[in-house]
Amino acid sequence: MEGLSERQYAARVGLSRGAIQKAKATGRLVLYGDGSIDAVASDALRAEATDPSKTRKAPQPKLKPVSEAAVSAVGETLREQGLAAPQIGSGTTFLQAKTANEVLKAQERRLRLQKLKGELIDRARALSLVFRLARQERDTWVNWPSRAAALMAADLGVEPAAMQKVLEKHVRAQLDDLAEIKPDLR
């Protein structure tokens, strides 16, 4: 066999096998002696004989614009999972978007389950608790010099009022240093 079969040529030009058989019967294809199709010569003959106004144009797929934020979110989700992410500005494939969507749904379900099990806590509640505990500790330290000054003054043989002033000064300095610390609960 020198050329293509009807089935092979139909696949090559994107037509049905019946259309190729009809073109073969009407002499619109170039054939070899064994009945196989000369693809290059047949393509040229078909191009000459075909009226361009009567050819079907393949419908262009209607693409909806996707925001760059959505594409970067898909890429970020895929990278977090160690999967291939689209290049910036190149868009994303349906498969990548679907994969990212499935990953996000699985993450959301895992978080919901952790919350139901009591493994996750409310951020605002945690911040409130940390603030309340820090305030209680600060108040305890502020009151400590007045309670400990008399005992320390008796042990050291100094005046209790002077001892209390010195302790208050150092406790305040320490509390000022601790006030600089801000909890970062991300």
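## Overall fold

Helices here are DSSP runs of type H or I with at least four residues, numbered from the N terminus. The model is predicted. The protein has seven helices and zero strands. Along the sequence, the pattern reads α-α-α-α-α-α-α.

The protein has 186 residues, and buried residues make up 17% of them. Take the contacts in the protein with a separation of 6 or more: 34% of these come from residues 24 or more positions apart.

Start with Gln-107. This residue sits in helix 5, which covers residues 94–117. Is Gln-107 buried or exposed? The cut-off for buried is under 20% relative accessible area. Gln-107 has a relative accessibility of 17%, so Gln-107 counts as buried. Setting aside neighbours within four places in sequence, Gln-107 is in contact with Glu-80 and Gln-81.

Val-71 belongs to helix 4, residues 68–80. Val-71 also counts as buried, because its relative accessibility is 8%. Val-71 and Gln-96 are separated by 25 residues in sequence. In space, their C-alpha atoms are 9.7 Å apart.

## How helix 6 meets helix 7

Helix 6 spans residues 123–156, and helix 7 spans residues 160–179. The two pack at an angle of about 145°. Their axes are 8 Å apart. The crossing of helix 6 past helix 7 is right-handed.

Which residues of helix 6 and helix 7 meet? On the helix 6 side, they include Arg-138, Trp-141, Trp-144, Pro-145, Ala-149, Met-152 and Leu-156. On the helix 7 side, they are Pro-160, Met-163, Gln-164, Leu-167, Glu-168, Val-171, Arg-172 and Leu-175. By class, the residues of this contact divide into 15 nonpolar, two polar and three charged.

## Pro-145 in the contact

Pro-145 is found in helix 6. Pro-145 has a relative accessible area of 1%, so it is buried. What does Pro-145 touch, not counting residues up to four places away in sequence? The partners are Gln-164, Leu-167, Glu-168 and Val-171.

Helix 7 has 20 residues. From its first C-alpha to its last, helix 7 reaches 28 Å, close to the 28 Å expected at 1.5 Å a residue.

Which residues of helix 7 are buried? They are Met-163, Leu-167, Val-171 and Leu-175. These residues cover an arc of only 90° around the axis, so they lie on the same side of helix 7. The buried residues pack against helix 6. On the other side of helix 7, Lys-165, Lys-169, Asp-176 and Asp-177 are exposed.

Definitions and conventions
Residues are numbered from 1 along each chain as its sequence is written. This is a predicted model: local features need pLDDT of at least 70, side-chain atom pairs count only at pLDDT 80 or more; totals for chains, interfaces and linings use all residues. Side-chain values use heavy atoms; hydrogens and water are left out. Axes are lines fitted to C-alpha atoms, for helices over the stretch in contact, and angles run from 0 to 180 degrees between N-to-C directions. A crossing is left-handed if the near helix is turned anticlockwise from the far one by less than a right angle, and right-handed if clockwise. Contact means heavy atoms within 4.5 Å. Ala, Val, Leu, Ile, Met, Phe, Trp, Tyr, Cys and Pro count as nonpolar, Asp, Glu, Lys and Arg as charged, and the others, Gly among them, as polar. Buried means under 20% relative accessible area, exposed over 50%, partly exposed in between (1.4 Å probe, protein chains only). The expected span of a helix is 1.5 Å times one less than its number of residues. The arc is that of the directions from the helix axis to the C-beta atoms.
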